[in-house]
Amino acid sequence: MRLVLIGVVAGFFSALFGVGGGIVIVPLLVLVAGFEERPAAATSLAAIGITALAGTLFYAYHGRVEVVDAALVGIPAAFGAVAGAALQQRLPRRSISLLFSALLVAVAVRLLVQ
């Protein structure tokens, strides 16, 4: 049931703010479902594919998807995802936690200062 609730929350925030995997799913899987960081990140990536498809179809129905721009961002992002996953497998678990925490703090500060 926890995973279902995490999915609902992630889908909601994904469609509302364009976030989901790293900002919502990973922290909730770690804090609420007891996942370790690596399996949480991997599970999040798999889940976000489904979430992204649902959101894309909805926005496409309303004519809001810029296909060329999506490809210009998405194709390089796929290569970045492979590089990030490879690096994550080599980093100590504590380093991953600290880097992720620093990212979340930086995003929060940036949003507060804007």
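Guide: Contact here means heavy atoms within 4.5 Å. The model is predicted.

Visitor: Which residues is Val-24 in contact with, leaving aside its neighbours within four places in sequence?

Guide: Val-24, found in helix H2, is in contact with Val-9, Ala-10, Phe-13 and Val-19. Phe-13 is eleven residues from Val-24 in sequence, and their C-alpha atoms are 7.7 Å apart.

Visitor: Why does Val-24 count as buried?

Guide: Buried means under 20% relative accessible area. Val-24 has 9% relative accessibility, so Val-24 counts as buried.

Visitor: What makes H2 oblique to H3?

Guide: The axes of H2 (residues 21-31) and H3 (residues 37-61) come within 9 Å and cross at roughly 135 degrees. That angle makes H2 oblique to H3, because angles over 145 degrees count as roughly antiparallel and 65 to 115 as roughly perpendicular, with oblique covering the rest. The crossing of H2 past H3 is right-handed.

Visitor: Which residues of H2 and H3 meet?

Guide: From H2 they are Gly-21, Gly-22, Ile-25, Val-26, Leu-29 and Val-30, and from H3 Glu-37, Ala-40, Ala-41, Thr-43, Ser-44, Ala-47 and Ile-48. By class, eight are nonpolar, four polar and one charged.

Visitor: Why does Glu-37 count as buried?

Guide: The cut-off for buried is under 20%. Glu-37, in helix H3, has 15% relative accessibility and therefore counts as buried.

Visitor: What makes the pairing of the Glu-37 and Ser-97 side chains a polar contact?

Guide: A polar contact needs a pair of N or O atoms within 3.5 Å, and the side chains of Glu-37 and Ser-97 make one at 2.6 Å. Not counting residues up to four places away in sequence, Glu-37 touches Val-30, Gln-88, Arg-93, Ile-96 and Ser-97.

Conventions
Residues numbered from 1 in each chain as written. Predicted model: local features only at pLDDT ≥ 70, side-chain atom pairs only at ≥ 80, totals over all residues. Heavy atoms only, no water. Axes fitted to C-alpha atoms, helices over the stretch in contact; angles between N-to-C directions. Helix = DSSP H or I, 4+ residues; strand = E, 2+ residues; numbered from the N terminus. Parallel < 35°, antiparallel > 145°, perpendicular 65-115°, else oblique. Left-handed = near helix turned anticlockwise from the far one by under 90°. Nonpolar A, V, L, I, M, F, W, Y, C, P; charged D, E, K, R; others polar. Buried < 20%, exposed > 50% of the residue type's maximum accessible area, 1.4 Å probe, protein only. Polar contact = N/O pair within 3.5 Å; in protein donor to acceptor, adjacent residues only side chain to side chain.
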